[in-house]
Amino acid sequence: MKRPFLAVRIAAFITPVLILAQFLLAGLALFPGGTDWSAHKALGVMLLLPILILVLDRSLRRRALLVALLYVLQIMWIVLGQKLNSALLQALHPFNAGLLLTAALLLAAQVARSPRG
């Protein structure tokens, strides 16, 4: 595998960090004295940028598309769950977040193993 561009490498390493920040923001929104959900939602939207950068790199396309699919599902679970008033669909949101984090970590590991120079 060829060495990914710097922007792709940064996107690969920042994506799991941003996802972990999402877990923290969700926790802060759940407990008294924390924040509201707006920071969690805003960071969720911002996650789209590094994911799009990853999808554009041909050498990472397969794993990046999995991350992108899980990202779309992440939004779908919460939106559909709220619209249909389904606790089960909404419960898939944090479950899917774990899958999304795992896929992002695997992608970052793939980028870290790529040849340098």
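The structure is a predicted model, in which local features require a pLDDT of at least 70 and side-chain atom pairs count only at pLDDT 80 or more, whereas totals for chains, interfaces and linings use all residues. Residues are numbered from 1 along each chain as its sequence is written, and side-chain values use heavy atoms, with hydrogens and water left out.

The chain contains five helices and zero strands, and its elements follow the order α-α-α-α-α from the N terminus. Helices (H or I, at least four residues) and strands (E, at least two) are DSSP runs numbered from the N terminus. Along the principal axes, the C-alpha atoms fill a box of roughly 50 × 30 × 20 Å. The accessible surface of the chain is about 7300 Å², and carbon and sulfur atoms account for 74% of this area; accessible areas come from the Shrake-Rupley method with a 1.4 Å probe, and for residues only the protein chains shown count as cover. Of the 117 residues, 38% are buried. Here, buried denotes under 20% relative accessible area, exposed over 50%, and partly exposed the range in between (1.4 Å probe, protein chains only). Contacts are defined by heavy atoms within 4.5 Å. Of the contacts between residues at least 6 apart in sequence, 66% join residues at least 24 apart.

The largest nonpolar core comprises 23 residues, among which Ile19, Leu54, Leu60, Val67 and Leu107 touch the most other members. Such a core is a set of buried Ala, Val, Leu, Ile, Met, Phe, Trp, Tyr and Cys residues joined through side-chain atoms within 4.5 Å. Two or more residues of this core are given by each of helix H1 (6-30), helix H3 (48-56), helix H4 (61-83) and helix H5 (87-113). Beyond its neighbours within four places in sequence, Ile19 contacts Leu47, Ala97, Leu100, Leu101 and Ala104. Thr15, which is found in helix H1, is buried at 1% relative accessibility. With residues up to four places away in sequence not counted, Thr15 touches Leu47, Pro50, Ile51, Leu54 and Ala104.

Helix H3 has the buried residues Pro50, Ile51, Leu54 and Val55. These residues lie on the same side of H3, because they cover an arc of only 140° around the axis, the arc being that of the directions from the helix axis to the C-beta atoms. In general, an α-helix has 3.6 residues a turn, so residues three or four places apart point the same way. The exposed residues Leu49 and Leu56 are carried on the face of H3 turned away from its buried side. The buried residues of H3 pack against H1, helix H2 (38-46), H4 and H5. In the loop between H3 and H4 lies Asp57, which is buried at 5% relative accessibility. The C-alpha atoms of Asp57 and Val8 are 7.2 Å apart, although the two residues are 49 apart in sequence.

A nonpolar patch on the surface is formed by Leu6, Ile10, Ile14 and Val17, which together have about 370 Å² of accessible area. Patches consist of residues with over 30% relative accessible area and no salt bridge, with like charges joined within 9 Å and nonpolar side chains (Val, Leu, Ile, Met, Phe, Trp, Tyr) within 5 Å; a salt bridge is a side-chain nitrogen of Lys or Arg within 4 Å of a carboxyl oxygen of Asp or Glu. Leu6 lies in helix H1 and is exposed, with a relative accessible area of 61%. Val17 is also found in helix H1, but is partly exposed at 47%. Val17 and Leu101 are 84 residues apart in sequence, with a C-alpha to C-alpha separation of 8.9 Å. Leu69, in helix H4, is partly exposed at 47% relative accessibility. Between Leu69 and Leu100, 31 residues apart along the chain, the C-alpha separation is 8.9 Å.

Asn85 is situated in the loop between H4 and H5 and counts as exposed at 69% relative accessibility. Although not a glycine, Asn85 has a positive phi of about 55°. Most residues other than glycine have a negative phi. From Asn85 to Leu30, 55 residues apart in sequence, the C-alpha to C-alpha distance is 19 Å.
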